[in-house]
Amino acid sequence: MTEKDVVIIGAGPAGLACATRLKEIGVNDVLLIEREKKLGGILNQCIHDGFGLHKFKETLTGPEYIERYLQKLINYKVEVLSDTMVVNLFPDKSMILSGPWGREKIKAKAVVLAMGCRERTAGAIWLAGSRPAGVYTAGVAQRLMNIDNYMIGNEVVILGSGDVGLIMARRLTLEGARVLMVLEKLPYSSGLPRNISQCLNDYDIPLYLKTTVTRIHGKARIEGVTYVSLDDEGKPIPGSERFIRCDTLLLSVGLIPENELSREAGVAIHPVTGGPIVNDTYQTNIEGVFAAGNVLHVHDLADWASMEGELVADFAKRYLEGSLPQTQNWIEVKAGEGIRYVLPQRISGKIDVNLLFRVSFPARNKHIVIKDKDRIIKRKRVINPHPAIMENIEVKRDELKGVQSLEVMIE
Amino acid sequence: MTKEMVCILCPNSCNLIVTQSDKNPDGLKVENALCPKGKEYAHNELFNPKRTIASSILVEEGELPLVSVKIDKPIPKSKIFEVMKEIKKAKVKAPVKIGDILIKNVAGTDANVIATKSVDKI
Amino acid sequence: MFDIGIVGGGAVGSSIAYELSRFNLKIAVFEKEPDVIFGASGRNSGVVHAGFYYRPGSLKAKLCVEGNKKIKEWMKILNVPFKATGKILVAFEEEEVQELYKLKEIGDTNGVEGLEIIKGSENVQKLCPTVGEAVACMYSPATAIFSPYLFVIALAETNLLNDVKYFLNCKIVEVKRENGNFMLKDQNGNRYECRWLINATGVHCAEFSKMVGIDSYRIYPCKGEYLLLDKALAPLLNMPIYPVPSKDVGAYLGVHITPTVEGPITIGPSAEYIEDPEGYETTPEIMEQLFQGGYKLWPYFKRSDVIRTFTGVRAKPVPPGDKTFYDFLIKEEESVPNFINLIGIESPGFTSAPAIARVVREIIEKKEKLIPKEKFVPASPRKERFEDLPEEEKQRRARENPEYGEIICRCEKVTKREIIEAIENPLGAKTLASIKYRTRAMMGRCQGGYCLPKIVEILEKEFGYKPEDFQLHKEGSWLFSGRMRKND
C-alpha cells in the first residue's frame with residue numbers, strides 16, 4: 001500500500017494553499033486529491049471578482065485566484081491526483097481512492113481535510129409545497145450556467161440572501177432573466193453588505209427581510225411561490241401570504257461543511273460550525289488528521305480559507321517531526337454572549353492563537369472581550385460586527401499564561 | 001447633505017458616511033473608510049458611478065463550452081447592458097489563455113474584455 | 001391488436017402483466033407518466049404488510065396474507081432488495097394494549113404467522129433497542145421492508161423480456177367498444193385495440209371506469225405526507241415502529257417510522273382528504289405533526305436530519321368521516337364484458353399486488369383457457385449496487401472498467417457505469433427522476449447538489465441531450481430554458 005507523509009483531500013482554496021505551503025517548507029511527500037478534473041474547487045464557477053485582496057493584495061475573479069496557485073503547484077511539482085474521489089476514510093488514516101484510473105487503498109501519516117462545503121437544500125429547510133422542476137440551489141445554478149452553459153430559467157425568485165444567491169441575482173439579471181425578489185427570513189441579510197449594494201441595489205432587485213417562502217406551486221415546472229412576512233419570533237404573520245408567479249426558485253439558505261468522510265473516520269463534529277472540533281494546531285480528535293477551509297467552518301472569504309490551509313501545512317509538518325505542542329490541560333474556548341462560535345475550540349496555551357469567530361447579530365460599535373472567568377484578557381473594538389463577516393482576534397502565548405478557560409463575548 | 005453608502009471595492013464592505021457641503025460640492029468628507037480607495041469610490045459613486053463586470057464568452061472547440069471573462073477597468077454603470085450585449089455575441093476559438101484580450105474597447109468604453117481562465121483545445 | 005390492455009403501469013398493473021405474461025397473450029401496458037413509479041408505487045412506506053389490520057374474510061385480509069408470501073418470493077426471483085425486519089406495533093398506554101390483543105386475534109384469524117404480544121418496556125426494547133418508552137408491543141415477524149420502485153422497475157423490465165409492450169407518456173383519453181373489443185385512444189390520437197381491458201389506474205380508477213361506461217364508483221383522494229431522514233441514522237433503527245392504529249380513520253395505520261432498504265428513514269404518512277388525485281404537496285402543519293408523531297415513537301432525530309419530504313395519495317372509496325370497513329373491489333363488470341375493474345386499491349395494495357394479479361388471472365381463466373408460454377423469462381438480469389460489493393470486487397471492476405472508478409453521486413456512491421445503465425434502461429424512461437429511482441443518485445443528503453451537473457454532462461456528451469431534452473419527472477418539467485451562450 002502506498003504511504004504518503006501528507007494527503008490533502010480537496011484542491012479548493014484551502015487544499016491548494018496547504019499543498020503549496022507544504023512544499024515551501026520542505027515537506028515533499030505530499031499528495032493532493034481532487035474529485036473534479038480541474039483543480040480549484042468551487043472557485044472555478046465563481047467567475048465574479050472579489051477574491052484575493054488579502055492573499056494577493058489585489059481583487060481577482062475566482063478562476064484567476066486559482067490560477068495563481070496552479071502556477072505554484074506546477075513550479076513546486078506537487079503530486080496531484082485529480083478526477084479522484086476519496087470514498088472512504090478510516091481512523092488509521094488509510095483511505096480508498098476511486099477514479100477512472102481504478103480504485104485503491106492508500107495510507108497517510110497526516111491527513112488534511114479540505115473538502116469544502118455543500119449547500120442546504122429545500123428538504124433541509126422544510127420547504128413545503130410540490131416538487132416541480134426549477135427549484136435549484138444557488139451554487140448548482142451557478143455551476144450549470146458558468147461552467148456548463150445552461151440557462152436555468154427566466155422569472156426568478158431567490159430565497160435566502162447568502163452571498164451565492166446575491167451573486168446569482170446579478171448574474172441572472174445580466175443574462176436577461178428577471179429576478180423578481182430576494183427573500184430573507186432574518187431581519188438582516190446573511191450576505192456581505194457589498195453584495196447587497198452591487199448585486200441587488202444596482203439592478204433594483206427588491207430584498208424583503210423577515211419574509212420567507214411557505215409553499216412551492218406547480219406540478220411539472222414551478223409556477224410560483226407563496227411567501228409570507230414573519231414576526232419578531234420568525235413565525236408567519238397570518239394574512240400576510242402573497243403569491244408570486246415565477247418559473248425558477250433559487251435557494252441560498254446556507255452552506256454545510258462536507259464532513260461525511262470525517263464522520264466515517266470518527267472525527268468529532270461541532271454542532272454549530274458543522275465542522276470538526278479542532279485545537280490550536282487545527283488537529284481534530286484523531287491524531288494527525290487536520291482540517292482547513294470550509295470543511296472546518298464556512299468562511300466569508302476564500303482568502304481566509306487559503307490562509308488556514310497554509311497554517312495547517314505548518315502544523316502538519318510539525319506533526320511529522322513530532323514537535324507539535326503537547327498538553328494534558330487543554331483550555332476550552334467558549335462562545336459567550338452574542339457569539340455564534342469560536343475556533344479553535346480548544347487551545348494548548350503554548351503557542352500564539354488567532355481566534356476566529358462570528359457574531360450572532362449585526363450591531364454597531366461594539367467590543368469583543370476575551371475573558372478567563374471574570375478576568376479580561378483582551379478587548380477589541382469592532383465597528384460593524386455582522387454575522388456575514390468572520391471576525392478574528394489574536395491572542396499571544398504570553399497573554400495565555402495561567403489561563404484556565406477562555407470565553408469570547410460581545411459587549 | 002450626508003449620505004450612507006457601502007463601498008463595494010472589496011469584501012470589507014465599508015459603510016461610508018459621505019458628507020457633501022453646499023459651498024464646495026466637489027469636496028467630499030468621507031468617514032468610516034478603512035482605506036483611501038473609499039474616498040475615491042464615494043466620489044465616483046456620486047458623480048460618475050462605475051462598475052466592473054464578469055461574464056462568460058462562448059468557446060469553440062474547447063475542453064469547456066465557456067471561458068470566464070472580466071473587463072479590465074471599471075465602466076460607467078449605464079454601459080453595463082451594452083457591454084453584456086457584445087459579450088453575448090462574441091465567440092472565440094480554443095485555446096484561450098488567461099489574460100487574453102477577447103474584445104477590445106468593448107462598447108466604446110475603452111475597457112477590454114479579458115479571459116480569466118485558460119481553456120485548452122479538445 | 002392486444003389480448004390484454006392494462007391501463008396503469010404501477011405495482012398493480014405491472015404485477016398483473018407479470019402474472020399474465022406466463023401465457024400466450026399479447027399484453028400492452030399503458031402508462032400516462034414517463035415512468036412506471038411516479039404514482040403511488042413510488043410514494044409509500046416501502047413495507048410488505050403482514051395482514052392483521054383487515055376484517056377477516058375480506059379480500060384485503062386474504063390478498064394481503066397471500067401477497068405477503070408471494071411478493072417476497074417474487075422479490076427473490078427478481079433480485080429486488082428487501083429485508084425481513086419484522087415490525088412492532090407499540091402501545092404507550094395500558095388502554096392501547098387491549099387494541100393489540102384485538103389486532104393479534106384478527107391477524108391470527110387471517111392466517112398471519114408469528115404474531116406475538118410482548119409486555120414491558122425492557123422486553124420491547126430487546127426487539128427494537130431505540131423505541132420510545134412503551135408498555136407493550138405486538139411483534140409481526142412476517143412484515144418486511146423493500147424497495148418499492150426497484151420492485152416495479154424489475155417487474156416492468158422482466159415483462160418487456162416476456163414481450164409485454166409498455167407505452168409510456170400514454171394517457172388513455174377515450175375507450176370505445178367495437179366488434180366486442182376495446183378501442184383505446186391516447187392523448188396524441190394514437191389508437192390501440194384489445195380484447196380485455198384492466199383498470200389498474202390506482203387513484204384514477206373511478207374516472208377511468210367512467211370512461212369505460214361505468215359511473216357507479218367514487219374515489220376520495222386521501223393524501224399522506226412523509227418526512228425522509230438522513231441515512232446516517234440508519235444504524236439506530238432496526239425495524240418499522242408503528243403506533244396502535246387510530247380508530248377514527250378507516251384502515252389508516254397511523255404515523256410510523258420505517259427504515260428503508262437503502263438507509264434513509266421515513267416518517268409518515270399523514271391522512272388528509274384532498275380534491276386533487278395528484279395533489280402531491282407537503283404542508284408545514286403536517287410536517288410538524290409528523291415530526292412530533294415520529295419523535296414519540298423514536299426519539300433519535302433532529303429537525304436538521306430531514307433531507308426531503310414527499311407525498312402519496314391513497315385511492316379511498318369512502319368519503320371523510322365514513323368509518324365503515326371497505327374492501328378492495330376486483331371484478332369483471334357484467335355490463336361491460338371483458339372489462340376488469342380494480343377499485344379502491346389502497347394500502348395494502350402493494351403487498352397484495354401479486355395476489356391481485358392472481359385474482360385477475362382467474363377471472364380471465366373463467367372465460368378462456370390460458371396456454372402457458374414455452375419460454376417465460378422469470379427475471380430480467382439485475383445487478384446489485386456497486387456500493388454493496390466487497391471492496392476487492394469493487395477494485396477489480398474499477399480496474400477493468402473506468403466507469404466503475406468514476407463516482408458520480410457522492411452521497412449514495414453511485415458510479416458512472418450505473419448511471420449509464422440507468423439512462424439506457426430498457427423501458428426507455430428518459431427523465432432525471434428515472435435515473436434517480438434506478439440508481440439513488442440525487443436521492444441522498446445533498447439532493448443532487450453535486451451529481452446533477454455531472455449527470456447532465458453525461459446526458460449531453462454521451463447521449464446527445466439538447467437543453468430542451470432534460471426533464472425532471474412529469475411532462476413539462478423542463479430543467480433548462482436553453483443555452484446561456486448560443487452558437488448560431
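A:E332 stands opposite A:R346 in β23(A). This is a predicted model. Strand β21 of chain A covers residues 331–335, and two bridges join β21(A) to β23(A). The two strands run antiparallel.

Both strands belong to an open sheet of five strands in chain A. The order is β23-β21-β28-β25-β26, and the pairing is mixed. The edge strands are β23 and β26 (375–382) of chain A. Each of these edge strands pairs on one side only. Strands of a sheet pair through backbone hydrogen bonds, either parallel or antiparallel.

## Where chain A meets chain C

How many residues of chain A are in contact with chain C? The count is 39 residues of chain A, in contact with 44 residues of chain C. Six elements of chain A each supply at least two residues to the side that touches chain C: β6 (85–89), β7 (94–99), β8 (102–113), β9 (117–119), α3 (138–146) and β11 (150–151). The largest share, five residues, comes from α3(A). By class, the side of chain A that touches chain C divides into 16 nonpolar, 13 polar and ten charged residues.

Strand pairing also links the two chains. β11(A) pairs with strand β23 of chain C, residues 482–483. The sense is antiparallel, over two bridges. A:M151 stands opposite C:G482 in β23(C).

## Two helix pairs

Two packed helices are described by the angle between their axes and the distance between the axes. In chain A, helix α4 (residues 163–174) packs on helix α5 (residues 193–200) at an angle of about 15 degrees. Their axes are 8 Å apart. Angles under 35 degrees count as roughly parallel, so α4(A) and α5(A) are roughly parallel to each other. Their crossing is left-handed. From α4(A), the contact uses A:D163, A:L166, A:I167, A:A169 and A:R170. From α5(A), it uses A:N195, A:I196, A:C199 and A:L200. By class, this contact has six nonpolar, one polar and two charged residues.

In chain C, helix α11 (residues 416–423) and helix α12 (residues 432–439) have axes that come within 9 Å. The axes cross at roughly 125 degrees, which makes α11(C) oblique to α12(C). This crossing is right-handed. C:E418, C:I419, C:A422 and C:I423 in α11(C) meet C:I435, C:R438 and C:T439 in α12(C). The contact of α11(C) with α12(C) has four nonpolar, one polar and two charged residues.

## A leucine between the chain C helices

C:L427 sits in the loop between α11 and α12 of chain C. Is C:L427 buried or exposed? C:L427 is buried, because 20 other C-beta atoms lie within 10 Å, and a residue with 20 or more counts as buried.

Which residues is C:L427 in contact with, leaving aside its neighbours within four places in sequence? They are C:V36, C:A156, C:E157, C:L160, C:Y166 and C:L168. The C-alpha atoms of C:L427 and C:A11 are separated by 15 Å, and these two residues are 416 residues apart along the chain.

## Backbone exceptions

Most residues other than glycine have a negative phi, and most peptide bonds are trans. Two residues of chain A have a positive phi without being glycine. A:D83 has a phi of about 55 degrees. A:D83 lies in the loop between β5 (79–81) and β6 of chain A. With 17 C-beta neighbours inside 10 Å, A:D83 counts as partly exposed. A:K93 has a phi near 65 degrees. A:K93 is found in the loop between β6 and β7 of chain A. A:K93 is buried, with 20 other C-beta atoms within 10 Å.

A:P344 is in the loop between β22 (339–343) and β23 (346–347) of chain A. B:P95 is in the loop between β8 (91–93) and β9 (101–103) of chain B.

Conventions. Residues numbered from 1 in each chain as written. Chains lettered and ligands numbered in written order. Predicted model: local features only at pLDDT ≥ 70, side-chain atom pairs only at ≥ 80, totals over all residues. Axes fitted to C-alpha atoms, helices over the stretch in contact; angles between N-to-C directions. Helix = DSSP H or I, 4+ residues; strand = E, 2+ residues; numbered from the N terminus. Parallel < 35°, antiparallel > 145°, perpendicular 65-115°, else oblique. Left-handed = near helix turned anticlockwise from the far one by under 90°. Contact = placed C-beta atoms within 7 Å. Nonpolar A, V, L, I, M, F, W, Y, C, P; charged D, E, K, R; others polar. Pairing = 2+ DSSP bridges. Buried ≥ 20, exposed ≤ 12 C-beta atoms within 10 Å, placed from the backbone.
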